[in-house]
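Okay, everyone, thanks for coming. I've got one model to walk through, so let me put it up on the screen.

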Amino acid sequence: DKDGNVTGRETTKSFSEGTRKIVADALPKVLGGINTTLELYGVQLSVICSYALGHKIYNDDKAQIMHSFTTSDGGHQTITENRGAWKNPGDITDIPRFGGAGNNFGAMSTRWLVPGDYLRVRNITLGYDFTYIKGLKVAGVNELRFYCTAENPFTIFGERGIDPEQGLSGMSNNYSSMMKTISFGISIGF
């Protein structure tokens with residue numbers, strides 16, 4: 001409303017069957033993977049991906065970090081989105097005004113539901129097989145291959161700050177994202 005209070009929500013103290021409402025599914029409707037290997041004139045490219053579609057994640061991590069600084073112990077982190085909180089009459093924003101302890105700024109709400117759809121590239125390997133070069137076998141080398149591998153190089157996901165692969169509860173739980181690694185190798189066979 002014009003004073004920055006959340007409106008259009010009913011508050012109830014009872015969580016009986018009559019007051020519950022299912023608004024999203026935590027389980028993906030579609031899970032899958034893609035694996036391909038291409039090879040041409042000694043150059044080898046391998047890509048492994050996984051994806052999930054049709055579910056929601058409750059971003060509890062964001063709910064916890066977007067608070068209204070009403071706790072007395074201080075020292076809490078927040079995020080820059082809080083700069084967009086309602087301040088003055090006429091402000092248009094989806095972030096409520098900061099207020100006293102009763103405003104439930106980060107309370108459980110559909111506000112924190114985000115689409116869980118993602119595509120994660122799990123592995124990309126690019127290599128070159130030198131056995132196509134004549135003369136290696138004369139030198140006593142049967143196999144010579146150089147390669148570079150990137151593990152978890154990127155993920156396409158719409159929500160910043162959380163990993164899309166959450167537990168079955170569908171609730172973010174301070175999981176860190178998959179580690180990204182790049183490694184190089186040489187394979188020699190005599």
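So, to start: in which loop does Asn-59 lie? It's the one between β3, residues 56-58, and α1, residues 60-65. Keep in mind as we go that this is a predicted model.

Now, is Asn-59 buried or exposed? Its relative accessible area comes out at 2%, and the cut-off for buried is under 20%, so Asn-59 counts as buried. And what does Asn-59 touch, if we leave out residues up to four places away in sequence? We get Trp-112, Glu-159, Ile-162 and Ser-172.

Okay, over to the strands. Ser-46 sits in β2, which covers residues 43-53. Here the relative accessible area is 18%, and with buried meaning under 20%, Ser-46 is therefore still called buried. Again skipping anything up to four places away in sequence, Ser-46 touches Asn-35, Thr-36 and Thr-37, and also Asn-123, Ile-124 and Thr-125.

Last stop, the surface. Which residues form a nonpolar patch there? That would be Leu-38, Val-43, Leu-45 and Leu-126, and together they have about 320 Å² of accessible area. Take Leu-126 from that group: you'll find Leu-126 in strand β5, residues 118-129. Its relative accessibility is 46%, which falls between the 20% and 50% cut-offs, so Leu-126 goes down as partly exposed.

That's my tour, happy to go back to any of these on the screen.

Conventions:
Residues are numbered from 1 along each chain as its sequence is written. This is a predicted model: local features need pLDDT of at least 70, side-chain atom pairs count only at pLDDT 80 or more; totals for chains, interfaces and linings use all residues. Side-chain values use heavy atoms; hydrogens and water are left out. Helices (H or I, at least four residues) and strands (E, at least two) are DSSP runs, numbered from the N terminus. Buried means under 20% relative accessible area, exposed over 50%, partly exposed in between (1.4 Å probe, protein chains only). Contact means heavy atoms within 4.5 Å. Patches are made of residues with over 30% relative accessible area and no salt bridge: like charges are joined within 9 Å, nonpolar side chains (Val, Leu, Ile, Met, Phe, Trp, Tyr) within 5 Å. Accessible areas come from the Shrake-Rupley method with a 1.4 Å probe; for residues, only the protein chains shown count as cover. A salt bridge is a side-chain nitrogen of Lys or Arg within 4 Å of a carboxyl oxygen of Asp or Glu.
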